Amino acid sequence: MVKDSSQYSPVDVVDNDNEFDDAEWFGAGHRPKLHTIVRVWPMLSHGALICTSILFFALWMGTPSPHLRDDIAIYSPANGAVEPMVVKFNGTIGWPSIYRGPPSPEIDAAWNRIAHDVLPTRMSLEEILKAGEVDSPSKVKYPEEFGGGFMVSMEAPHQLHCLNLLRKASWPEYYEATDVLFQDTPEVVRMHLDYCIEMLRQNMMCNADVTVITWDWVRGQKYPLPNFNTRHQCRNYEKILDWAVEHAVHIPKEAMTRFEDTIDIPLPFHLTHNDV
């Protein structure tokens, strides 16, 4: 007696050439066979995993690198001049540098090139607002005959000006007699130095450097020493300085006058109690 194969078959035999036949999957009145789903499922899951991975990779590629430009969160007209670069610091004690050593015209010239108390440029009202500032009547405006706009300057050259002042203060026998910054009363000079120290402190803590410093055993030394010759993610200062010099506004001091609607901000409280 022969069993009716249409009623029972212990093993479903599938022709591999027709494993993905459209009629089997989508034909009228047909349902996918269980064995086919079981065999195809790994391929579907792998395909879904690949598609998901591609999607997340695309989203990741579209995210700004945290090591390059995402630290520029506040608008500045000089943002376009920011160019990331890797610099290896030279932290060797006593290593010669054009910025270090006993006072000389050459060292002063090197510092004067990179450090500026004021290197003014201009911003429009729209840029002032974009930078998060307000249109205050106390802000300095350029006269229309000189192009108008607001007087602004950058932090970096001023911070280097502060560092240069501290350098000069470490050579009092040379600079106290020649530099105008030290010709004021001792109280004012001390206030200026403390101000610069505080400005640099705030900047260093704001831009906290997490570069790793390794320690080494050094011949003749009882304890290990840090190796400060490390690679750092930096900004190309020369490019920023070039931008500042190129966009500097040169106006005679006598032309900088108050407008009729100008309002002076109050003098800081502690200065009103000093003879400055």
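Guide: Buried here means under 20% relative accessible area and exposed over 50%, with partly exposed in between (1.4 Å probe, protein chains only). This is a predicted model: local features need pLDDT of at least 70, side-chain atom pairs count only at pLDDT 80 or more, and totals for chains, interfaces and linings use all residues. Residues are numbered from 1 along each chain as its sequence is written, and side-chain values use heavy atoms, leaving out hydrogens and water.

Visitor: OK, which residues are buried in α3 (residues 105–114)?

Guide: Ile107, Asp108, Ala110, Trp111 and Ile114. Helices are DSSP runs of H or I, at least four residues, numbered from the N terminus.

Visitor: And what's exposed on the other side of α3?

Guide: Pro105 and Glu106.

Visitor: What covers the buried residues of α3?

Guide: The cover includes α5, α6 (172–175) and α8 (237–246), with contact meaning heavy atoms within 4.5 Å.

Visitor: Switching to α7, which residues are buried there?

Guide: Val188, Val189, Leu193, Cys196 and Leu200. Down the axis of α7, its buried residues fall within an arc of 140 degrees, so they line one face of the helix.

Visitor: What do the buried residues of α7 pack against?

Guide: They pack against α5 (155–169). On the other side of α7, Glu187, Met205 and Cys206 are exposed.

Definitions and conventions. Helices (H or I, at least four residues) and strands (E, at least two) are DSSP runs, numbered from the N terminus. The arc is that of the directions from the helix axis to the C-beta atoms.
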